[in-house]
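Subject: Structure for your review

Dear colleague,

Please find below the structure that I am handing over to you, followed by an account of what was found in it. I would be grateful if you could read the text alongside the coordinates.

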2 protein chains.
Amino acid sequence: MILINGISSAEISPNDRGLNYGDGLFETLAVVDNQPQHWERHLNRLRDGAKRLGISPPSDPDWWADFQSLKKLPAQTSRSVLKLLLTRGQGGRGYAPPALAQPTRIVRLLEWPSWPATLADTGISVAICRTRLGRNPVLAGIKHLNRLEQVLASAEIAALEGIHDGLMMDVENNVIESTKANLFVVKNGGLLTPQLHHAGICGVMRDLILDEADRSGIPVLETSLSLSALYAADEAFLCNSLIGIWPIHSIAATDRHLFDIGPITRSLQQALKNRGAVP
Amino acid sequence: MILINGISSAEISPNDRGLNYGDGLFETLAVVDNQPQHWERHLNRLRDGAKRLGISPPSDPDWWADFQSLKKLPAQTSRSVLKLLLTRGQGGRGYAPPALAQPTRIVRLLEWPSWPATLADTGISVAICRTRLGRNPVLAGIKHLNRLEQVLASAEIAALEGIHDGLMMDVENNVIESTKANLFVVKNGGLLTPQLHHAGICGVMRDLILDEADRSGIPVLETSLSLSALYAADEAFLCNSLIGIWPIHSIAATDRHLFDIGPITRSLQQALKNRGAVP
């Protein structure tokens with residue numbers, strides 16, 4: 001189930017700059033009972049990223065019409081994943097973008113991931129990836145298509161038994177995020193989350209949690225986070241649009257580190273659930 | 001003129017990991033009188049990069065058969081560009097590579113670039129790009145498909161009159177390369193070129209020049225290079241497989257900096273020309 005520029009077509013041009021240079025962006029949305037969650041936040045993030053890369057984004061109604069076309073197709077289950085992918089389009093001589101690029105818009109409905117539904121309750125075990133994130137302010141925060149670091153880090157994790165995700169540090173030893181989710185820790189009743197000015201992706205669920213914490217009067221600090229500060233935390237969790245919040249119960253490192261799944265993690269899970277903000 | 005996995009087909013799957021994550025590599029070769037230059041060096045580099053990314057490379061005869069098929073097509077001029085692109089293939093759940101990926105092999109013959117043939121004689125003017133290169137040893141040196149930094153830097157240069165290329169620094173102020181070529185400078189009769197352990201692409205023409213310098217008894221140092229060391233150089237030039245060697249005659253910066261096109265640059269140009277090593 002794929003639309004390319006609104007047309008039900010199975011393939012794209014090998015001249016597309018998305019393929020040749022990773023010259024584009026994407027969004028991954030949870031679809032619950034045929035409704036995409038946080039549609040406007042995702043579209044806003046895509047538009048902000050496109051602006052930073054100098055790509056002309058399609059109109060929101062174009063994306064919406066694509067989604068409406070796809071959801072009419074049969075075989076929809078109660079939950080699915082909507083992937084929006086935008087590239088600068090075809091052509092240009094070498095790296096330089098063509099003066100008048102026609103962006104490519106790709107919309108796909110995918111199966112819900114097969115992870116156990118209980119992980120939000122039981123929590124997960126993570127490892128520390130050897131693969132680091134590079135630092136570059138010009139790309140930090142954007143959900144762009146240059147994702148080799150995440151691919152290599154995910155390959156590390158896939159080879160480990162009983163590990164659900166991997167935490168990634170940048171090349172200066174700051175803990176930034178996991179291979180696919182943002183990280184929060186709780187310390188003395190407040191939230192800490194890594195600042196994303198030099199590396200990492202500004203997640204939509206991360207923004208929702210920052211808003212929820214503000215609403216609930218939980219203090220939040222966006223800061224640099226060392227591995228030792230992570231180990232010294234009272235609670236820790238990952239978040240993204242598909243998993244909601246996954247508490248971290250252990251980090252498999254030289255010394256195995258255990259966390260309690262504590263009251264702040266549970267209260268944020270409950271608050272987001274009450275708002276229908278998690279899938 | 002495109003082959004995908006050896007088949008004359010115009011399009012690729014939107015599930016290809018090259019598109020979704022830039023999960024792949026490429027090579028750009030000069031083809032002169034129907035012969036690709038430095039075929040083995042390019043294939044070796046592609047194989048080394050594939051090994052570092054954990055991608056199974058196609059056999060050299062597969063690539064060669066593709067090239068032979070393409071060159072039988074009409075409309076070949078005396079010089080063209082051969083682009084080999086390899087992705088990890090389709091699928092996988094999220095970033096994690098599928099256990100048994102079938103790599104995608106894309107081979108294209110493209111028109112020779114339209115830059116003036118005289119630039120190797122007259123030299124070029126470059127600017128310093130605002131866009132920096134991130135630093136990450138795990139990806140440094142590889143000609144992979146995560147090239148947003150080069151895209152943004154090239155967009156800067158395209159907007160400037162009379163500038164042929166842009167030099168890029170990494171986020172720690174080391175001069176690394178241009179948007180599309182490697183950099184050498186001459187100082188006191190010896191060559192200096194930026195080391196590429198943290199950022200940059202190990203170019204095939206760069207390797208050829210290192211070999212040629214060795215053969216000619218010109219001392220070479222791979223080192224970190226600051227902007228002030230660049231300005232203090234006696235000569236400077238860029239190199240890649242398509243341009244050969246382009247002397248730099250000026251850098252458009254706050255103070256416009258001029259270089260003489262000196263004897264070492266000219267002797268290397270002549271030596272490579274004598275060996276038929278430049279297009």
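Please note at the outset that this is a predicted model. The domain assignment divides chain A into domain 1, covering residues 2–111, and domain 2, covering residues 119–274. The centres of domain 1 and domain 2 of chain A, taken over C-alpha atoms, are separated by 26 Å. Where the two domains meet, 18 residues of domain 1 of chain A and 9 residues of domain 2 of chain A take part in the contact. On the side of domain 1 of chain A that touches domain 2 of chain A, strand 2 (24–32) and helix 2 (39–53) each supply at least two residues. Strand 2 of chain A gives the most to that side, with 7 residues. By class, this side of domain 1 of chain A has 6 nonpolar, 8 polar and 4 charged residues.

Overall form of chain A

Chain A has 8 helices and 14 strands. Its C-alpha trace spans about 50 × 40 × 35 Å along the principal axes. For 279 residues, a compact globule would have a radius of gyration near 19 Å, and the 19 Å of chain A agrees with this.

Helix packing within each chain

In chain A, helix 6 (residues 204–216) packs against helix 8 (residues 263–274) at an angle of about 105 degrees, and their axes are 11 Å apart. Helix 6 and helix 8 of chain A are therefore roughly perpendicular to each other. From helix 6 of chain A, the residues A:Leu208, A:Ile209, A:Glu212 and A:Ser216 meet A:Leu268, A:Ala271 and A:Leu272 of helix 8 of chain A. This contact of helix 6 with helix 8 of chain A has 5 nonpolar, 1 polar and 1 charged residues.

For chain B, the corresponding entries are as follows. Helix 6 (residues 204–216) and helix 8 (residues 263–274) of chain B pack at an angle of about 105 degrees, with 11 Å between their axes. That angle makes helix 6 of chain B roughly perpendicular to helix 8 of chain B. Here B:Leu208, B:Ile209, B:Glu212 and B:Ser216 in helix 6 of chain B meet B:Leu268, B:Ala271 and B:Leu272 in helix 8 of chain B. The residues of this contact in chain B divide into 5 nonpolar, 1 polar and 1 charged.

Relation and contact between the chains

Chain A is superposed on chain B by a rotation of 180 degrees with 0.0 Å of shift along its axis, with an RMSD of 0.0 Å. That is the relation of a two-fold axis. Of the residues of chain A, A:Leu19 comes closest to the rotation axis, with its C-alpha at 2.0 Å. The same surface serves both copies, as 100% of the contact residues of chain A recur in chain B.

In the contact between the chains, 44 residues of chain A meet 44 residues of chain B. Strand 1 (2–4), helix 1 (17–21), strand 5 (104–111) and helix 5 (148–158) of chain A each supply at least two residues of the side of chain A that touches chain B. Helix 5 of chain A gives the most to this side, with 8 residues. The residues of the side of chain A that touches chain B divide into 20 nonpolar, 14 polar and 10 charged.

Yours sincerely

Definitions and conventions
Residues numbered from 1 in each chain as written. Chains lettered and ligands numbered in written order. Predicted model: local features only at pLDDT ≥ 70, side-chain atom pairs only at ≥ 80, totals over all residues. Domains from an automatic or database assignment. Contact = placed C-beta atoms within 7 Å. Helix = DSSP H or I, 4+ residues; strand = E, 2+ residues; numbered from the N terminus. Nonpolar A, V, L, I, M, F, W, Y, C, P; charged D, E, K, R; others polar. Axes fitted to C-alpha atoms, helices over the stretch in contact; angles between N-to-C directions. Parallel < 35°, antiparallel > 145°, perpendicular 65-115°, else oblique. Least-squares fit on C-alpha atoms with pLDDT ≥ 70 in both. Rg over C-alpha atoms; globule rule 2.2 N^0.38 Å.
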